[in-house]
Amino acid sequence: MLKTIQILGSSSGLVKPQTTSCCRLSFISSISTKPFSSCSRPTNLLFPGPSARRTRFGAFSMSSAHSGSNPAAPSSSSSSSSTVVQSVGNARKINFCQWCGGPTKHEVPDGEEKIRAICTVCDRIAYENPKMVVGCLIEHDNMVLLCKRNIQPSYGLWTLPAGYLEIGESAAEGAIRETWEEACAEVEIVSPFAQLDIPLIGQTYIIFLARLKKAQFSPGPESSECRLFALDDIPFDSLSFSSMVVTLKLYAEDVKAGKVKFHYGTINKRPGTSPSDINAYTLDHHMQS
Ligand SMILES: [Zn+2]
């Protein structure tokens, strides 16, 4: 379940993670309280071993897609004499300790360089780290499976089945689970397809190529519709997030070039563009196998 996701993979300096009292990050008004799934869970979440993988992964090569530095500087800072000290993520918004409930102070811990929320009672430091989003790009009869979101954000827009990785599962297992939850589709992983980092909002996407075990799918609770799209029919104007635009464009380019590769890249927002413009991104540091 992608309970919480970026509005604009490249853009969302305006959509900052909020830290809750538990270990899970959430985003503005995007917490889902829906039941786990209306589908019956698959009995086997295993995926094929290396022998089933489509490709081997050799050394990466840089593409020409590099387009400059990350425009997404951390949002808050404070100055101390001649140096500027940056806080990390939402450190300044963390006012209470997640372990003991005590009030926090916002200082630079000894030996560090950035402002953190430090508990004034138990002295623990609330480090924030990026979240991993996992999902599947499902190929079937030269088409790909997309889900229309039945929840905010990006209600009514199309996405690959994807969501936050849970503690205790591998990235591949999480991608299979998310696919089941959002598309009631049993899939097996073919190969990793893309890792896309979105530093601005602290997310990393891992997208796997997958295939349907059975040619069956239907919308789960977070989807209003699931459909197979031919490459030329992918609704690029109605996709939910920049990460999906990037993933599907890379995939379509690969298929048309005759070889599906593995891609790594960093999605950054183009300066001065609207947060709601999912095409206002740059794919930086793009490497492919
Ligand atoms: Zn504490």
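Here is a short chat about how to read some features of this predicted model.

Me: Before we start, how are residues numbered, and what pLDDT do local features need?
Reply: Residues count from 1 along each chain as its sequence is written. This is a predicted model, so to speak: local features need pLDDT of at least 70, side-chain atom pairs count only at pLDDT 80 or more, and totals for chains, interfaces and linings use all residues.

Me: How many helices and strands does the protein chain have?
Reply: Helices (H or I, at least four residues) and strands (E, at least two) are DSSP runs, numbered from the N terminus. Here the protein chain has 2 helices and 17 strands.

Me: How do S6 and S7 run, and how many bridges join them?
Reply: Two strands pair if DSSP finds at least two bridges between them. Strand S6 (residues 104-107) and strand S7 (residues 114-119) run antiparallel, with 4 bridges joining them.

Me: What share of the residues counts as buried?
Reply: Count the other C-beta atoms, placed from the backbone, within 10 Å of a residue's own: 20 or more is buried, 12 or fewer is exposed, and in between is partly exposed. Of the 289 residues of the protein chain, 38% count as buried.

Me: Is Asp141 buried or exposed, and why?
Reply: Asp141 is exposed because it has 8 other C-beta atoms within 10 Å. It lies in the loop between S9 and S10, and its phi is near 50°, a positive value in a residue other than glycine. Asn142 is found in that loop between S9 and S10 too, with phi near 65°. Asn142 counts as exposed because it has 9 C-beta neighbours inside 10 Å.

Me: Which residues touch the most other members of the largest nonpolar core?
Reply: A nonpolar core is a set of buried Ala, Val, Leu, Ile, Met, Phe, Trp, Tyr and Cys residues joined through C-beta atoms within 7 Å. The largest has 53 residues, and Leu137, Ile138, Ala185, Phe208 and Ala210 touch the most other members. Elements that each supply at least two residues include helix H1 (171-183) and helix H2 (242-257).

Me: Which residues is Ala210 in contact with?
Reply: Contact means that two C-beta atoms, placed from the backbone, lie within 7 Å. Leaving aside neighbours within four places in sequence, Ala210 has contacts including Cys136, Leu137, Ile138 and Thr179.
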